[in-house]
Amino acid sequence: MITARQSRAARALLGWTQETLADKAQVSLTALKRLESESGLKVFETTRDQVRRALEGNGIMFLSTEQGEGLMLVRPKQHRDNY
């Protein structure tokens with residue numbers, strides 16, 4: 001399950017606005033704002049899933065360990081070879 005903090009952090013890594021992510025995830029901006037709020041608003045699992053898929057499809061890898069959760073941006077192989 002994607003958390004509000006993970007969604008905001010992933011957007012920051014990608015340089016996306018909420019509008020961009022909502023568009024790519026094909027969810028409403030209101031639904032995305034609910035997901036990213038820390039106010040405990042109910043969010044449909046389908047919304048969380050669509051947002052997670054949109055982020056993963058653009059290189060975000062979600063991490064979960066006993067110590068917490070996080071994420072990283074994975075560049076395509078051809079992009080990594082140029083460094």
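Glu38 counts as exposed, at 54% relative accessibility, where exposed means over 50% relative accessible area, buried under 20% and partly exposed in between, computed with a 1.4 Å probe on protein chains only. This is a predicted model, in which local features need pLDDT of at least 70 and side-chain atom pairs count only at pLDDT 80 or more, whereas totals for chains, interfaces and linings use all residues. Residues are numbered from 1 along each chain as its sequence is written, and side-chain values use heavy atoms, with hydrogens and water left out.

The side chain of Glu38 meets that of Arg8 in a salt bridge with an N to O distance of 3.0 Å; the term stands for a side-chain nitrogen of Lys or Arg within 4 Å of a carboxyl oxygen of Asp or Glu. Arg8 lies in helix α1 (residues 4-14) and Glu38 in the loop between α3 and α4, so the pair ties together parts that are 30 residues apart in sequence. Helices here are DSSP runs of H or I with at least four residues, strands are runs of E with at least two, and both are numbered from the N terminus. Arg8 itself is partly exposed, with a relative accessible area of 31%.

When neighbours within four places in sequence are left aside, Arg11 is in contact (heavy atoms within 4.5 Å) with Trp16, Thr17, Gln18, Leu21 and Glu36.

Ala4 also lies in helix α1 and counts as buried, at 9% relative accessibility. With neighbours within four places in sequence again set aside, Ala4 is in contact with Leu35, Glu36, Ser37 and Glu38. Ala4 and Phe62 are 58 residues apart in sequence, while their C-alpha atoms are 13 Å apart in space.

## Salt bridges within α4

By the same rule, the count for the model comes to seven salt bridges. One of them joins the side chains of Asp49 and Arg52, with an N to O distance of 2.4 Å. Both residues lie in helix α4, three residues apart, which is about one turn of the helix. Salt bridges that share partners join Asp49, Arg52, Arg53 and Glu56 into one network. Asp49 counts as partly exposed at 25% relative accessibility, and Arg52 counts as partly exposed, also at 25%.

## The nonpolar core

The largest nonpolar core has 15 residues, of which Leu21, Ala25, Val27, Leu32, Val51 and Leu55 touch the most other members. Such a core is a set of buried Ala, Val, Leu, Ile, Met, Phe, Trp, Tyr and Cys residues joined through side-chain atoms within 4.5 Å. The elements that give two or more residues to this core are α2 (18-25), α3 (29-36) and α4 (45-56).

Leu55, named above among the core residues that touch the most other members, touches Ile2, Ser7, Ala10, Leu14, Trp16, Leu21, Ile60 and Phe62, not counting residues up to four places away in sequence.

## Helix packing against α4

The axes of α3 and α4 come within 10 Å and cross at roughly 90°, which makes α3 roughly perpendicular to α4. Axes are lines fitted to C-alpha atoms, for helices over the stretch in contact, with angles running from 0 to 180 degrees between N-to-C directions; angles under 35 degrees count as roughly parallel, over 145 as roughly antiparallel, 65 to 115 as roughly perpendicular and the rest as oblique. In this pairing, Ala31, Leu32 and Leu35 in α3 meet Thr47, Arg48 and Val51 in α4.

The axes of α2 and α4 come within 8 Å and cross at roughly 100°, and these two helices are therefore roughly perpendicular to each other. Leu21, Lys24 and Ala25 in α2 meet Gln50, Val51, Ala54 and Leu55 in α4.

## Annotated domain

In an unreviewed entry, UniProt places the feature "domain: HTH cro/C1-type" at residues 8-37; UniProt positions are given in the numbering used here, feature names are shortened, and annotations may be inferred rather than shown by experiment. In the model, the end C-alpha atoms of residues 8-37 lie 9 Å apart, and the span is 77% helix and 0% strand.
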